[in-house]
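Let's take a look at the salt bridges in this one.

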Amino acid sequence: MTDLRRKTFERAIKLLAAKPRSVAELRERLLRAKNTDEATVETVISRLREYGYLNDERFAFSYASYKVKQRPIGRRRLERDLKFKKVDSGVANEALEMVYAETSEEELIDKAIEKRLRIRGKPTNRAEAKSLFDHLLRQGFDFELVSEKVRSLTTDDTDEVNSNGL
């Protein structure tokens with residue numbers, strides 16, 4: 001029994017060394033092994049928590065924080081990613097609150113739009129505006145926020161044209 005626990009513990013450490021994981025994600029990976037059982041896995045997980053190697057709150061916050069710093073991404077997308085990582089929704093929401101308190105979603109969407117405009121230029125027609133709109137939705141930004149930003153971006157052009165008397 002001790003040998004089984006040691007092997008499971010070593011496997012858990014290897015999995016965590018490869019990349020950070022949530023408790024549920026690690027549990028699932030450890031239970032895939034043929035030579036282990038639930039009791040052993042739970043013992044290993046509780047030991048890892050005790051040592052501070054496993055902490056869903058810290059994992060969720062650092063994952064979300066890293067993703068937001070890597071590139072502008074909306075709350076809905078991060079929420080989905082954390083759910084995929086098997087983080088409890090309450091823990092995920094707390095982490096997202098902290099991340100978006102540091103950098104608001106509005107700041108992030110502005111960065112995303114700025115980046116997209118550098119690459120593709122300002123939308124000149126309805127199809128390009130729709131493409132930008134869809135891109136921002138895929139990045140997980142709120143529908144109303146995306147609508148407002150894309151609308152203001154495209155109405156600026158028509159206002160300039162109208163004020164020039166064209």
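## Ground rules

This is a predicted model, where local features need pLDDT of at least 70 and side-chain atom pairs count only at pLDDT 80 or more, while totals for chains, interfaces and linings use all residues. Residues are numbered from 1 along each chain as its sequence is written, and side-chain values use heavy atoms, with hydrogens and water left out.

## The overall count

Searching the whole structure turns up 13 salt bridges (a side-chain nitrogen of Lys or Arg within 4 Å of a carboxyl oxygen of Asp or Glu).

## One turn along a helix

Asp3 and Arg6 pair up through their side chains at 2.5 Å, N to O. They are 3 residues apart in helix H1 (residues 2-18), so about one helical turn separates them. Helices here are DSSP runs of H or I with at least four residues, numbered from the N terminus.

Asp3 is partly exposed at 39% relative accessibility, and Arg6 is partly exposed too, at 42%. For these labels, buried means under 20% relative accessible area, exposed over 50%, and partly exposed in between, using a 1.4 Å probe and protein chains only.

## Across the chain

Lys149 bridges to Glu106, with the closest N and O atoms 3.2 Å apart. This pair ties together distant parts of the chain, 43 residues apart: Lys149 sits in helix H9 (residues 143-163) and Glu106 in helix H7 (residues 105-120). Lys149 is buried at 13%, whereas Glu106 is partly exposed at 40%.

Technical notes: Helices (H or I, at least four residues) and strands (E, at least two) are DSSP runs, numbered from the N terminus.
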